[in-house]
Amino acid sequence: MSDDDVTSGEAVDASPLAQRLDQLFRMSRPDARRWTNNEVAEELRSKHPSLRVSGAYLSALRNGKRVNPSPELLVALADFFGVAPGYFLDQEHSDRVTTQLAMLESLRDAGVRGIAMRAIGLPSESLEAITTVLDQVRKLQGLPPVMDNVDHDASTED
């Protein structure tokens with residue numbers, strides 16, 4: 001197996017670090033494909049020449065065979081994937097990022113992206129009307145309601 005063949009199913013008892021790093025690899029998709037270990041290692045070395053990292057080492061981190069990366073590597077990985085370094089260490093922070101990544105994954109769906117693109121620039125009243133319509137369609141389809149932070153203004157107007 002090559003260093004780029006690591007999948008999330010490979011590490012059954014993976015550490016939280018391994019699970020979180022693997023999740024970033026799986027959900028971060030340049031040009032609609034996944035990063036390979038070697039590509040990420042190369043990018044990290046180009047931005048941080050003093051950093052010693054290889055595709056094999058990233059593979060070992062992702063599958064839990066290595067569990068103690070340097071703080072410099074964690075910071076570089078966090079920067080590369082656009083998350084705070086706390087993502088790797090703090091469960092609550094990781095959970096928030098995981099939720100955000102799942103929403104981004106949903107936006108990759110062409111239909112959802114099309115709706116989002118059409119909503120850009122609309123006034124808040126129009127967005128509220130669209131949200132109400134979408135909530136009703138979800139209800140008719142038997143889907144659970146979506147809880148978001150947008151509704152907090154409406155609850156304070158009682």
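These legends go with several close-up views of a predicted model. Residues are numbered from 1 along each chain as its sequence is written, and side-chain values use heavy atoms, with hydrogens and water left out. Because this is a predicted model, local features need pLDDT of at least 70 and side-chain atom pairs count only at pLDDT 80 or more, while totals for chains, interfaces and linings use all residues.

View 1. Two stretches to read with care come next. Over residues 5–12, pLDDT stays under 50, and the model has 12 contacts (heavy atoms within 4.5 Å) beyond four places in sequence for them. Over residues 150–158, pLDDT also stays under 50, and here the model has zero contacts beyond four places in sequence.

**View 2. Helix α1 packed with helix α4.** Helices here are DSSP runs (H or I, at least four residues), numbered from the N terminus. α1 covers residues 16–27 and α4 covers residues 71–81; they pack at an angle of about 30 degrees, with axes 11 Å apart. That angle makes α1 roughly parallel to α4 (under 35 degrees counts as roughly parallel, over 145 as roughly antiparallel, 65 to 115 as roughly perpendicular and the rest as oblique). Axes are lines fitted to C-alpha atoms over the stretch in contact, and angles run from 0 to 180 degrees between N-to-C directions. On the α1 side, Leu 17, Leu 21, Leu 24 and Phe 25 make the contact, meeting Leu 74, Leu 77 and Phe 81 of α4. By class, that is seven nonpolar, no polar and no charged residues (Ala, Val, Leu, Ile, Met, Phe, Trp, Tyr, Cys and Pro count as nonpolar, Asp, Glu, Lys and Arg as charged, and the others, Gly among them, as polar).

**View 3. Helix α1 against helix α3.** These two pack at about 120 degrees, with their axes 7 Å apart. α1 and α3 are therefore oblique to each other. α1 brings Leu 17, Ala 18, Leu 21, Asp 22 and Phe 25 to the contact, and α3 brings Leu 58, Leu 61 and Arg 62. The class count is six nonpolar, no polar and two charged residues.

View 4. Side chains of opposite charge can pair when their charged atoms come close. The structure holds four salt bridges.

Definitions and conventions:
pLDDT is the predictor's confidence in each residue, from 0 to 100. A salt bridge is a side-chain nitrogen of Lys or Arg within 4 Å of a carboxyl oxygen of Asp or Glu.
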